[in-house]
Amino acid sequence: MFRYAVTYIARTGPAQRQFKENAMKISARNVFEGTITALVDGKVNAEVEVTTPGGDRIVAIVTEGSVAALGLAVGKPAIAYVKAPWVMVLAGDGGVKFSARNQLAGVVDSVQKGAVNSDVAIKLTGGSLVHAVITNEAVMELGLKPGVPACALIKASHVVLGVPA
């Protein structure tokens, strides 16, 4: 089995300490370290919920083969990875229903403007930061700036899970 670690994580916790055995860098901006708090098996796929120490919850859809290969089970440590371009941003504090399984409410922490796109960081209630890469035009249209309520939308199929080897 492939062993790896994430060197990008801002916080260190029990899962991260276990991952330090063989470290590598990863390009995913969003790294959510936590514990598996729910696992619903299906015929082909399973829904896996990872809860961070601060209480933020990220849901992933993985194959049953991945559940077996990774040894996924409630109570085990896991890390959820999401690339920033896969995160959609909703201005305001919700009020709209979406099919995206992960609807993470928070407040804009920072906006780093680039030539075409901006990196928008949303601080969730549990303290996790979610980074989204969206166009500068979208940032202006949505009125995104530090302190503004926002919601990060992430499809569960866009969440990749890792576990200590």
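Begin by selecting D119: setting aside neighbours within four places in sequence, D119 is in contact with R29, S110, V111, Q112, H131 and A132, where contact means heavy atoms within 4.5 Å. The model on display is predicted, so local features need pLDDT of at least 70 and side-chain atom pairs count only at pLDDT 80 or more, while totals for chains, interfaces and linings use all residues. Residues are numbered from 1 along each chain as its sequence is written, and side-chain values use heavy atoms, with hydrogens and water left out.

Is D119 buried or exposed? D119 counts as buried because its relative accessibility is 13%, the classes being buried under 20% relative accessible area, exposed over 50% and partly exposed in between, with a 1.4 Å probe and protein chains only.

Helices (H or I, at least four residues) and strands (E, at least two) are DSSP runs, numbered from the N terminus.

**Second stop: the sheet around β7**

Select residues 102-113, strand β6, together with β7. The two strands pair in the antiparallel sense over seven bridges; two strands pair if DSSP finds at least two bridges between them. Within this pairing, V111 stands opposite V120 in β7.

Now show the whole sheet. Five strands make up an open sheet with antiparallel pairing, in the order β5-β9-β6-β7-β8. Because β5 (88-91) and β8 (129-135) stand at the edges with a single partner strand each, one side of each is left without a neighbour in the sheet. Neighbouring strands of this sheet are turned against each other by 45 degrees on average, direction ignored; the axes are lines fitted to C-alpha atoms.

β1 and β4 pair in the antiparallel sense over six bridges. Which residue in β4 is the bridge partner of E33? The partner is I79.

From I79, continue to β10. There the bridge partner of I79 is G162, and three bridges join β4 to β10, which run antiparallel.

Return to β1 and select β2, residues 45-51. This antiparallel pairing also has six bridges, and T35 has T51 as its bridge partner in β2. Three residues lie between β1 and β2, which form a hairpin.

**Last stop: the whole protein**

Select everything. The protein has three helices and ten strands, and from the N terminus on its elements run α-β-β-β-α-β-β-β-β-β-α-β-β. Of its 165 residues, 43% count as buried. Among contacts with a separation of 6 or more, 58% come from residues 24 or more positions apart. The protein exposes about 8600 Å², of which carbon and sulfur atoms supply 56%; accessible areas come from the Shrake-Rupley method with a 1.4 Å probe.

Conventions: Axes are lines fitted to C-alpha atoms, for helices over the stretch in contact, and angles run from 0 to 180 degrees between N-to-C directions.
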